[in-house]
Amino acid sequence: MTQPPAMLMLEDGRVFHGVGFGAEGETFGEMVFNTGMTGYQETLTDPSYAGQIVAMTAPHIGNTGVNDEDPESARVQVAGYVVREPARVASSWRSRRSLDAELRAQGIVGIAMPGTRALTRHLRDRGAMRGAISTVETDPQALLERVRQSPSMEGADLARKVTTPEPYIVPAIGDKRFTVAAVDLGIKSMTPHRMAERGCEVHVLPATSTAAEILATNPDGVFFSNGPGDPAATEYAVTALRGVLDAGRPFFGICLGNQIFGRALGLGTYKLRFGHRGVNQPVQDRATGRVEISAHNHGFAVDAPTDGPFETPYGRAEVSHVNLNDGCVEGLRLLDGPAFSVQYHPEAAAGPHDSTALFDRFCELMDGKVRG
Ligand SMILES: NC(=O)CC[C@H](N)C(=O)O
């Protein structure tokens, strides 16, 4: 199939040209880059990417096609997709179809273009910004004007758009040890699975669930997931989490869940210049000095003191993990209560398995064996 010409326009007027990849049409979103060498299916289906156009820095994408095992949710979630060179042939016997056919079937507009390095350097220097991909517009100025009218990621409440409409249960694998209430702010399917493998029956609940609805499942522990958008626009989740913490239930949060925990503790969140998206981010556990190589996808971070414990409405807390690249906060924990969270993705889909023990820690918390 011959591909139509395509244009990628950024809000500062920088333009890139290439050919269409996936569906034809036009799409808008926050332009970000992902440095993962593997895991394009997991990236595409991670609901945290809702509202974002994702550029892959790895030069060949789609080499193993699309299979039924790797998706992290029921559909492709990115607003648009940028690759340097798509695979012409999908090489894995497990492939259902090519990535191009999958994006086309799901209506996701993408672009294949030689400039992914220049694009990434531009975003690193100037920061994440709004963008558009179009296979239908020929006038750059007209597209630029539409980009400048498109919504910004700051202030965007997207968790309620990607969450499950109804509660559902992921049964424990083997003997049931715990009931977990997992608030789905944009949950990846590997996350309840990691808990189920440890004997948790996971009640996945909609993003806007109240503290009373969460506690009505009579959980041994409460989990808040990753998710898209600006944590400052997700105040309903902060209110619900405060009710859970008031009830003294063990808590574990990841990514957006970490940011919500920070806000529940009275901390602020802010936008990083270009964020962390990839599978090789070095994170240090400050208690042990141990460094984990971890999977990330975040554009915001928690603003917390890193020079020691600080007071919160729930007792003392501390920054438990920091990123060794830029020093930003990657984890929080209460010192006087059973609650902790991390800014990264211990479920490891895609990504290294260095951090999966955090799910064991959550189980120990529910067992009453450790504190925060
Ligand atoms: N993966 C996530 O949960 C991302 C959280 C938030 N949307 C951010 O960009 O920082």
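A crossover is right-handed if, with the strands pointing away from the viewer, the path from the first strand over the helix to the second runs clockwise. The model shown is predicted: local features need pLDDT of at least 70, side-chain atom pairs count only at pLDDT 80 or more, and totals for chains, interfaces and linings use all residues. Residues are numbered from 1 along each chain as its sequence is written.

**View 1. A right-handed β-α-β unit is formed by strand 11, helix 6 and strand 12.** Helices (H or I, at least four residues) and strands (E, at least two) are DSSP runs, numbered from the N terminus. Helix 6 spans residues 190-196. Thr179 has Glu201 of strand 12 as its bridge partner.

**View 2. Strand 12 also pairs with strand 10, in the antiparallel sense.** Strand 10 (residues 168-170) and strand 12 share 3 bridges, and Ile169 stands opposite His203 in strand 12. Strand 12 (residues 200-206) is mostly covered, with 6 of its 7 residues buried. A residue is buried if 20 or more other C-beta atoms, placed from the backbone, lie within 10 Å of its own.

**View 3. The largest nonpolar core contains 101 residues.** Such a core is a set of buried Ala, Val, Leu, Ile, Met, Phe, Trp, Tyr and Cys residues joined through C-beta atoms within 7 Å. Val82 and Val183 have the most contacts inside this core. Helix 10 (residues 357-366) supplies its largest share, 6 residues. The core lies between domain 1 (5-149) and domain 2 (159-366) because both give residues to it.

**View 4. Val82 has contacts beyond its sequence neighbours within four places.** Two residues are in contact if their C-beta atoms, placed from the backbone, lie within 7 Å. Among the contacts of Val82 are Leu8, Ile53, Val54, Gly110, Met113 and Leu119.

**View 5. Domain 1 (5-149) and domain 2 (159-366) come from the domain assignment of the protein.** Domain bounds of this kind are taken from an automatic or database assignment. The C-alpha centres of the two domains lie 28 Å apart. Their contact takes 22 residues from domain 1 and 24 residues from domain 2. On the side of domain 1 that touches domain 2, the elements giving two or more residues are strand 3 (26-34), helix 1 (40-45) and helix 3 (116-126). Strand 3 gives the largest share of that side, 3 residues.

Key: Buried ≥ 20, exposed ≤ 12 C-beta atoms within 10 Å, placed from the backbone. Pairing = 2+ DSSP bridges.
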